[in-house]
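Keep the structure in view while you read.

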Amino acid sequence: MTILIEQPDMGSQGEDKRVLSDNNDLVLHEGFSVPKSVQDTRFDAPEINSFGHSFRDYDAKSERQQTVEEFYRVNHINQTYDFVKRMREDYGKLDKVEMSIWECCELLNDVVDDSDPDLDEPQIEHLLQTAEAIRKDYPDEDWLHLTGLIHDLGKVLLHPSFGGLPQWAVVGDTFPLGCAFDESIVHHKYFEYNSDSKNSTYCTKNGIYSEGCGLDNVMISWGHDDYMYLVAKENGTTLPPAALFIIRYHSFYPLHKSGAYKHLMSEDDVENLKWLKIFNKYDLYSKSKVRIDVEKVKPYYLSLIEKYFPAKLRW
Ligand SMILES: [Fe+2]
Ligand SMILES: [Fe+2]
């Protein structure tokens, strides 16, 4: 079965040519510090994507623009605080499926992202391209390799055995609920039709939150990020907090690209964000024609899965 994911993958961000700016010390959690020499590594990003265009260049494919805008229209109308609360409660039970990380990777092998402008390979190619590109530059950070492999596994939400959620509830950029929708969010105008916009408590800068409360206390729109975070956390992964942060917020472009909502971050969030910014470059730029020999790298990733996850996971 092939499931087409019409993932807009951030229509408004434009070409991302950001360079790493994290020369600060990467203060990590116990056992996961990074040597300065490794911090200075720069990702050698390719200039063009699989289609021969610049990355995130939506002008090059204007027929996609309407699809992207329609996606965000529906997404912005339906992602409400109550909707996200319901989804977190339901999927937090992890009573859908039991399978290993690798089995899930193989399930995603049939999934082709039909509207991601940079990607026309099966999802597992993207996962392995991301992981292998990180591995090349950060050979000692095996937790970050595994994070690359699993960061998009939550897209199985589209699969019938996971509830077959619509695309607006699985992919696209994420944003907080319960406080004002920041202007930097792509196609912001459609929030006018979101019922939360009529709730005056939700329409202030802090909304129901307080400054520095920490992103862990903030409700973020529902999708593959938050789902995979729940799966990893509730199954007792030993991956470090930075890995869980990356998985949970990698589509939170208003934060890690535009710098919005920083006032809600805790000190831990500020540290973890440094890793997310590093990760994002690999997530974005590894979508190229570099083919990965799956069978060759599989033993390595199976060893990481064994190290950081129990044998079978509840999903
Ligand atoms: Fe993703
Ligand atoms: Fe990704």
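Q: How are H7 and H8 oriented to each other?
A: This is a predicted model. Helix H7 (residues 224-234) and helix H8 (residues 241-249) pack at an angle of about 150°, with their axes 6 Å apart. Angles over 145 degrees count as roughly antiparallel. H7 and H8 are therefore roughly antiparallel to each other.

Q: How many residues of H10 are buried?
A: Helix H10 covers residues 267-285 and has 19 residues. Its first and last C-alpha atoms are 28 Å apart, close to the 27 Å expected. H10 is mostly covered, and its buried residues number 14 of 19.

Q: Why is H5 described as largely enclosed by the rest of the structure?
A: Helix H5 (residues 123-137) has 15 residues, which should span 21 Å at 1.5 Å a residue. Its end C-alpha atoms are 22 Å apart, which agrees. H5 is largely enclosed because its buried residues number 13 of 15.

Q: Which residues is Leu149 in contact with, leaving aside its neighbours within four places in sequence?
A: Leaving aside neighbours within four places in sequence, its contacts are Cys105, Leu127, Leu128, Ala131 and Tyr301.

Q: Is Leu108 buried or exposed?
A: Leu108 is found in helix H4 (residues 101-108). Beyond four places in sequence, it is in contact with Gln123, Ile124, Leu153, Lys155 and Val156. A residue is buried if 20 or more other C-beta atoms lie within 10 Å of its own. Leu108 has 23 such neighbours, so Leu108 counts as buried.

Q: How far apart in space are Leu108 and Ile124?
A: In sequence, Leu108 and Ile124 are 16 residues apart. In space, C-alpha to C-alpha, the distance is 6.3 Å.

Q: How far apart in space are Pro254 and Ser184?
A: Pro254 is found in helix H9. With 21 other C-beta atoms within 10 Å, Pro254 is buried. Pro254 touches Ser184, and also Asp173, Phe175, Asp182, Ile185, Ala260 and Tyr261. Pro254 and Ser184 are 70 residues apart in sequence, yet their C-alpha distance is 6.0 Å.

Q: Is Tyr261 buried or exposed?
A: Tyr261 lies in the loop between helix H9 (253-256) and H10. Its phi is near 65°, a positive value in a residue other than glycine. Tyr261 has 22 other C-beta atoms within 10 Å, so Tyr261 is buried.

Q: What does Leu94 count as, with 15 C-beta neighbours inside 10 Å?
A: Leu94 sits in the loop between helix H3 (81-91) and strand E2 (98-99). Its phi is positive too, near 50°. A residue is buried at 20 or more such neighbours and exposed at 12 or fewer. Leu94 has 15, so Leu94 counts as partly exposed.

Note on methods
Residues numbered from 1 in each chain as written. Chains lettered and ligands numbered in written order. Predicted model: local features only at pLDDT ≥ 70, side-chain atom pairs only at ≥ 80, totals over all residues. Helix = DSSP H or I, 4+ residues; strand = E, 2+ residues; numbered from the N terminus. Contact = placed C-beta atoms within 7 Å. Expected span 1.5 Å × (residues − 1). Axes fitted to C-alpha atoms, helices over the stretch in contact; angles between N-to-C directions. Parallel < 35°, antiparallel > 145°, perpendicular 65-115°, else oblique.
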